[in-house]
Structures are given as structure tokens and as C-alpha cells.
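Thanks for coming, everyone. I'll walk you through one structure today, so please have a look at it first and then we'll go through some of its parts.

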Amino acid sequence: MNNSTLPHYDVIVIGAGSIGAPAAFYLAQAGYKVLVLDSAPSVGQTSNKRAIGGIRATHSDPAKIRLSLRSIEIFSTWKERFGDDIEWSEGGYVFVARGEHEEKTLKNLLVTQKSFGLNIDWLDKQQLLQVVPDLNPAKIIGGTFSPQDGNASPLLAVHAFYSHAIEYGAVFQFNEKVQEIIVRGGKVVGVKTDRAEYGTDVVLNAAGAHASEIAQLAGLNVPVKPDSHEAAITEAVAPFLKPMIVDIQPGPGSSNYYFYQHLTGQIIFCITPSPNIWGFDTEETSSFLPMVAKRMVDLMPRLKNIRVRRTWRGLYPMTPDGAPIVGFAKEIEGYLYAVGMCGQGFMLGPGVGELTARLVSGQLYPTDQEILDILSPYRQFAGQELLK
Amino acid sequence: MSDYRIRQHPILPIPEREPVEFYWRGKKYTALAGETIASALFANGERVFGHHHKDGSPLGIFCANGQCSQCMVLADGMPVKACMELVTAGQHVEPADGLPELPKVTSSPSFKPIIERKVQVLIIGGGPSGLSAAIELGKRGVEVLLVDDKHRLGGKLVLQTHRFFGSTKAVYAGTRGIDIATRLEKDLSEHSSVEIWLNSTVLAVFSDKKVGILKQGHDYAVIEPEVLLVASGAREKFLAFKGNALPGVYGAGAFQTLVNRDLVRPAEKLFIVGGGNVGLIAGYHALQAGIQVVGLVEALSECGGYKVHRDKLARMGVPIYTSHTILSANGEDKVESVTIAQVGPDYKPIPGTEKSFECDSVLIAVGLDPVNEFYLKAKEYGLNCFVGGDAEEIAEASAAIFSGKIRGMEIARALGVETAEIPVEWYWTSEILKSKPGTTYSEELPEIETGVVPVIHCTQEIPCDPCSGLCSHGLIYIDRRDIRSVPTFLGNSYCCEVCEKCVAGCPGLAITLVNYRENPDLPVVSIPYEFTRQTLQANDRVSVLDTEGAELGQVDVLSVHAIENNDRTLVVEVNAPREIAQRIAGINVQDEEVTQPLDHYVAHIADDTIVCRCEHVTAGEVRSLIRAGYRDMNEIKTVSRAGMGACGGKTCVSLILRLFREEGITREEITEYSKRPVFIEVPLGILAGANGQENTTHE
């Protein structure tokens, strides 16, 4: 086949999700000719729609902090800049301490977080009850509060990136499965799918839980494997809860869990199973609802009367050290990773998407190098995230 | 105060119930003990229960089945479904306007473990199919847990006041649905290995092969069955037309629930959309409850239901408009009129044919879909599962009784407790009972005009045989090998003794006797009649109609009587001129002016055709997305919120699929909603095993 006859794109993004859609938007905005391929029938249909929508900058490492701060800027100003309502709400995050152990963990983190200038503080029990009056006073001793974190609708946000990416000329092909990444002379030259073949200079792997398979199509190995988490949403009630509540104390069968009231009035919640449940299974189990319900009602008794509407299960594309993998492959020219978001793809998405556009153009910010070192595909993966 | 209770009914007993006082918006009302808040409000003339949080449009009863969440009210501060929650003395009920305030809870809850159990067989649904299966399993001592979301067993049988069709031998044909329910319930009670949970709703079949159940409204149970039988019945399809979300537009099931279960009158003047059996029977039930039926529209050129059901309505004076459709339900915050139009061969309305009728309610009966999501999930997860009744295939309840019996046997065999083969003819009978109406022959009246002549106004092949066992001399014949054949009278004019058993016993009310013996020019015609005796007396003058509903003239009533051993069907004898005697098939029970169109048609401009009732998404919004290229319903959901509401896409899916069809999009191009639990919304505290609802305060 003669490559010159293939439709040619500057960048082919694999995956139209939390990372792929904003990446396509920023790449297209920067003037690149972009094609996005996804095997799902429309945007955000794999892991994005299963995310609950929390957005925080209050992480423990500078890469995620910087990327999320930028994401928050983008999410919070989206409506005024582009007009779409993505249901952004600056509700803040509260990490509750149920005992001294959690208090110590959270206060230790606070030092790092404050050193990056994050707006986060320790609140004692009384102060915390001012912010979240419905917490069970018998179950908490205090917690951290970061008022500038927030939440938005993953579905609406990814859809907004998608529709504006199209306005900038990006092309999205759905129901199309990538079968081969064509490499010639150590360089990416094209992508073959079950429907067509395209020429390109850059492939961006934004395939979420399937990142490892997509890497292997080019003979590359990337240490991403998914584990599954279950989530649910309730009916809508009048607003009564501002921040996202995170309880990091482990319970039987689970480590942390978190919930918040979305702008629509609905409570959305999710739990981290312990031990992790590895694999691609996204079918609901009977153990999730009773487990998470008991912990939530215990922490916030008012929730006992709210009615659960829907439940689902989604995948966290995990890396060995809990940090994402962003950067070009060394083995093949033009192969770019933005994978392993460890369940934070939605909140990191705009920041990472912008970063991939800078990586493609080579016009990096001075602060980018530190981020890229931390998120390097070639790092040791020895560390452990302090706060998931 | 207006009274909307049914105080007299030709079939249903009116039970004595204690009055209970409660408050609606601070005003004191009287309810009856044991009734739902919805019925109590309807009985007091309240039909608007709240307003939608999105657009402030009025909300009321739609499904009356705990599925749709349109009837939310605040009962003592707690948001509840008015159709499911029983009214209590002194209760303060307020409309749910906008988003409800979540009640405060001031004390630390305590927890108990949720119920976790293994059973041999779990049956979802205690309707005709589930009950029949449970009886077969109970006979064999199999451990069965049967769950049903209603307060009593029987499923939709308990709403059916008419005599059933089908096979007398196989499925109680000739008996009224309500009585079949009681019989099945009694048969089941003899088997101690069957445990029954009423008022218990299945929430989900999970991938770990366990089934989550909201038990009796206040406990969460996780059941691990060896075998699952899904007998969860059907749900009603809905229709997109302007004003379709106005209070007063109901599904047929809701209407039958209010009228036949709760004995309240939700309408004075009803208009029916849909000429299948459900719509036709509901119309008949309305007439029996003293509700006027203004008319019925059917888009096809013939009604899809049994012709005898259709005729029953026509010969009581209900106009049936075939090749017609509803254009709009009109009114400010409740239905005041309906506008219909004739449709062409493409089913599109023909301009200039619009007509409007005054009415206060519109009943939608445009078909049923199986409630099969539990079955599909169970199959997907590899659970040993069976499906019966409407959940398997939409058909008559008689077919569901029989398929349930077969499923019971099949499960017993699967468990190794039954070794006998299932008779092959059972499957044949099952197919016959499920069959759609066959050929319709033109009515041939007997040529004889002497003696006594039975006239069988039954000209369509349907699975029904009770008449063949009614004649004292065995002279009504139906081919036993295939009960779908049309009955014939084998005798001559000397045979009949006028016992009138055929008149009173035909489930289709389709047999009359014409007795020429006393006066050949003014014979006596015996006509079946299922209305209260008070409505008709000897010497009344009545208008009689033929099978098609054409008026034949005014005649005098000789007597209104019940025959021995007959079950509530009366026989009316009239004197009629020879020329019309054999053609008489019924007595008009309607005021003629009720069925007259208004002198102008009511145009409905507002684009308020709702496809998603929960989130109030219009057909226009969804159509514009389809035109913009959307093919994944999940993406439509993202952008419009259609399907994101409380009901979980139970109503909107078929409407959206229909919009796709109208836009010329093939099914292959469309991705349907991902289906996720839970079946109905359930309080977090119940899932948590939290004790009690005490210490709840309101702001």
C-alpha cells in the first residue's frame, strides 16, 4: 500500500475519554490535524461516564498538584469561556479524621500541600461541623478542608471538550477499533483499524484501562492495569452538602470512600475495595451497596433517608506507584503516553490534555520538566502515593 | 366535598373500611384504612400532587405501580411515592414541589446485619405465571421464595373483573381474573415449602449471582438462589403526543388499579388510546365503574384486540375510531379535552380531519413490553434462570398461567426432584393460549325465525372455549383439538330450553337468545348485562345496538334477572321487533351527548410532547439531537438527561426508539442505554441495615 494515498493526520489520539477528548481539543486548538479513534459508540463511554466528578488539586506530589490546579482553572471558567454548562461547583473537599491516625496522616500531608501554596487547612471538630453540619459529631475529630476544590459532570465536561474539538477541526471516529500501530524505521507512521488505515506522525495513547494493550500494539510495555471500583448516585434533593467528603479510615472490605452532592441535588459516591479487585469486570456486585451505605450513614446519619437511584462499576487504570504516566516513548519516535491516571483521569484531564499539546509542539513551560520527570514512563515506579 | 369513590359495582364487593383522617396542604380529608395516599387524594378529588423541579409543570399519577416516581409527595416530611405508601391517621401530606428537603437525623443510627440467604428457587413476581410455577414446585416440596412488590398476590389478575378467555380445561377460562387470583393463592397456601414476601421489590440481579431485594419496604435482603424464575410481567408502552404528561393522562394499568383495586373514580369522562385487549378491557371496566367512555382511537384499520372485547365496548355505545390517532391532550394543569385525527396509510394525521372531545382523562394502552431486565442480567451472569409469563412473551394472562405451570415443572426437573417428562401437548396448549386473533368471519345470522334461536356473535378465531361447556344439551360446539375455532350451535329451533347459561356464561358476552315461541313478530331477546341492577328495571325503555355499535332502536325491558349458579352476569330480556331481534347484541349504557365531538377542534400549539417524564425532556429536544447525528442513546442521555431520572428509562426507551424510527434510522445504527440497577430507588439507610426511622426532624 502506498502511504501517500492514506488520509494523514498530525496526531492520532486513541481513546475519546477523560484524557483523549481534552487532548484532542488542545491539539486541535494548537492547529494540529487530529483524529480521535474509539471503539465505543460515542465520547466518554468507557471510564469517563463512570467517574463521579470530584476535582481537587490537594494531592501529595507536585505533578498532580500543578496539573490539577490547571484543570480547576479550566473547569471553573469553562462556562464563561465556551458557554457549555458542565455543572462545575466549587464545593471544596473535606478529608475527615475519625481518629488520631487519620489526623496524623492528614496533618503530615498538609505540610507538603501548603508548601505548594494550596488553600487547605486543618479544621477541628467544631469548625468542621460549621462547614458540614450533617457530619456525625460522635464519629469525627476534625479534618482538612480545601475550599477551592470542587466537582463537575464528567459526562458534560468530556462532551464539551469533544464538541469544541470538532469546532477546531478534530475528527472523531467511533465504533472503530485500533488493530495495529504502524512503525517504520523506529518511527510511528500510521494506525490501522478494523475499518481503515490512517497515516500519522504522532500516536497518543489515551486508552485508559486499555493503555497496556494499545502499547503492545507497538511492541511497548507500559505498567498499567485496571482495578474496579463501584459507585452509585441517588435521587435529587434540595442542596444540603457543599464539599466532597472523603473518609480515609479503612473498613471491612474497603479502604476509603467519598461522596458529594452534585449541582443537580444528587449524592454521588464511590468506594475503594480492599484488597483491590484487579481486572476488567464492570458488572455490579451485591457487596458494594451495603458496604458503602453503612459507612456513609454512620458518618452522616442524614443520608439514611436519601434514595439510591443507580449503581455501576468502573475501572481505575492503576500504575505501580499510583502516579500517571505522561511522556514520549524512547523506543519509538512519535509514540506518546497519557495513561495510568489511577482513577483521576477526569480531574487531571484538562491539565494533561494541554500538556500533551505542548509535548507535541515541543513548546514546554519551564515548570513542565518537573512534572514530566515525575510522570516519566521510565521512572522507577518505586514510590507509593500518600493520599489516593 | 366531591366524592370520587365507587360505592356500587356490578362485580366487585365494596368492603367496609374504617375512615382515617389525614391532611393535604393542611386541609383535613378522609381516607379509608389500608388505602394508598394516591387513592386517598383521588377519592378527595385531588389529582395534582406536585410540580416538576425543572419546569414547574404539574405532576400526578401515571403508573400507580411504584415505578415512575411521578406521584411523589411529602408524607410527614418524607418524600414518598403516593401510589405505594399507605395513608396513616393524622398524616400530613404536602405536594412535592421542586426538590424535596432531606429530613435531618439527629441521632447516631445503629445497624443490624442485612438479610443474607440461600434458597433453592427464587421466583420474582406473584402474578399468574409466578403463582402457577410456585404451585408446581410447592407440590414437589421444593424450597421456594416468591417475592412480589404488591400488598397481595395475583399480579394484574386482581384488577381483572371480567371472565377470562382461554381453555376451561387448562387455565380456568370462564372465571373472573380476580377469582383466579384467589384460587391460585389458595392452592399455593397449601404448600409449606413456599415462602412469600409481599410488598417486596427486587432491586437487582448482581454479577455474583445474588439478588438484592427490598423486603417489605424496610429491609434489604441479598438472596443467593440455585434457580431463578423471572415472572415479573410487563410494563406499558407510552406514546408521544402533545400534552402527554398532563395529570389525567394515565397508563391503563394505573387506571385499572385506581378503579378496580382501590375503588376510586379517577375520571368522569374517559378517552382511550389503543384498541388492543388492554385498552378495550379497561374501557369496559370504566363503564362498569360508572365512568363514561367518550371514545377510543386505534391507529390501525382494525382493533388489535379480540373482536369480542371490541364489540363489548361498541355495543354499549362507545364509538371506536379506527385509523385515528391522538394529536393532543389539552388543558391548563389537567386534561380538559382531547384532539384526534384520522391517519392515512402512512399513519400520519390527515389535515382537516381533526376532532376534539371534552374529557377529563386519557387512558393510554398502546401495548406492553416484557419486564425482562432481571432475566437478561441473570443469563449474562450465568445464573440458572427461567422466564415465564409476560416477562417472556406478551400474551393473555391465561397463557401466563399455563407457561408458569410449565416453568415450574421444568425447574423441578432441573433440580432433579421431578423425573416425569413434560407432556408435549402442554407446549402445544401453551402456544394456542398465546396466539393472536386469527381469521374474522362475517357474521351470519340464523335463518330460522321460529322457536328459540341462540345467536353467537363470535366470529373471530381466538383461544376460548367456555361456551362449549355451557349448553345443558351440549349443543354449542368448539373443536377440542384447537379451541381457536369459532363456536357453532348444533341444534335446531326446538332444542333450546332458555336456560340462558350460554348468555350469562360467555366471557365475551357474545351470545343472545331470540325466543319466537310466544310472539314471532315481537320475540323476546335475552342479552347479557354486567352492570349494577339498579341501573335497569323492567319496563324501562332502552336503546339496543348491534355488534358494531349501530343503533337498532328503542325496546322495552321485560325483566332483569340473574340465572341460577351464575356469577354476577345478569340477563336482560327485552321485547324486540322481528326485523332487529337477531341483530341485537347489547344495550347502550352511555349518554349519547358524551360521545359527541365539540363543535370546533382544540389546536395545541405548545411543544410539550414529553419523552422522558422523569426529567421532562421533550420529543423536540431528542429529535434535534438525532438530527444532529446522535446515535448512542447514552450520549443523548448525557446531553438531554433523558433516561437519567428515577425510573431508569422504563418509559422513554421505546419512545426514543420510535423517534429514531421516524427519522429513518435503522436499529443497527443505534446504541441503547446501558442498563444499570437498581430497579426502584431505595433509601441508603435500608441498604446499610440502619435501624428504625426514628429521630427524624424537619426544617
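Let's start with two helices in chain B, α2 (residues 128-139) and α4 (residues 177-189), whose axes come within 9 Å and cross at roughly 25°. Those axes are lines fitted to C-alpha atoms, for helices over the stretch in contact, with angles running from 0 to 180 degrees between N-to-C directions. So α2(B) and α4(B) are roughly parallel to each other; angles under 35 degrees count as roughly parallel, over 145 as roughly antiparallel, 65 to 115 as roughly perpendicular, and the rest as oblique. The crossing of α2(B) and α4(B) is left-handed, as the near helix is turned anticlockwise from the far one by less than a right angle; clockwise would be right-handed.

Who touches whom here? On α2(B) the contact uses Leu131(B), Ser132(B), Ala134(B), Ile135(B) and Gly138(B), and on α4(B) it uses Leu184(B), Asp187(B) and Leu188(B). Contact here means C-beta atoms, placed from the backbone, within 7 Å. By class, the residues in this contact of α2(B) with α4(B) are five nonpolar, two polar and one charged.

A quick word on what you're looking at: this is a predicted model, where local features need pLDDT of at least 70 and side-chain atom pairs count only at pLDDT 80 or more, while totals for chains, interfaces and linings use all residues. Residues are numbered from 1 along each chain as its sequence is written, and chains are lettered from A and ligands numbered from 1 in the order in which they are written.

Now to the strands. Helices (H or I, at least four residues) and strands (E, at least two) are DSSP runs, numbered from the N terminus, and two strands pair if DSSP finds at least two bridges between them.

Take strand β14 (residues 219-230) of chain B: nine of its twelve residues are buried, so it is largely enclosed by the rest of the structure. Buried means 20 or more other C-beta atoms within 10 Å of the residue's own, exposed means 12 or fewer, and partly exposed is in between, again with C-beta atoms placed from the backbone.

Which strands pair with β14(B)? One is β9 (residues 115-124) of chain B, parallel over nine bridges, with Val121(B) opposite Val227(B). Another is β13 (residues 211-215) of chain B, antiparallel with five bridges, where Val211(B) partners Ile223(B). β13(B) and β14(B) form a hairpin with three residues between them, and Gln216(B) in the turn has a positive phi of about 50°. Then there's β25 (residues 385-387) of chain B, parallel over three bridges, with Val387(B) opposite Val230(B).

Six bridges join it, antiparallel, to β30 (residues 524-529) of chain B, and Val524(B) has Asn575(B) as its bridge partner. β32 (residues 551-562) of chain B also pairs with β33(B), antiparallel over six bridges, with Ala562(B) opposite Leu570(B).

Last, the two chains together. How many residues of chain A are in contact with chain B? It's 37, against 43 residues of chain B. Two bridges join β16(A) to β37 (residues 682-683) of chain B, running antiparallel, and Val308(A) partners Val682(B).

Methods:
Contact = placed C-beta atoms within 7 Å. Nonpolar A, V, L, I, M, F, W, Y, C, P; charged D, E, K, R; others polar.
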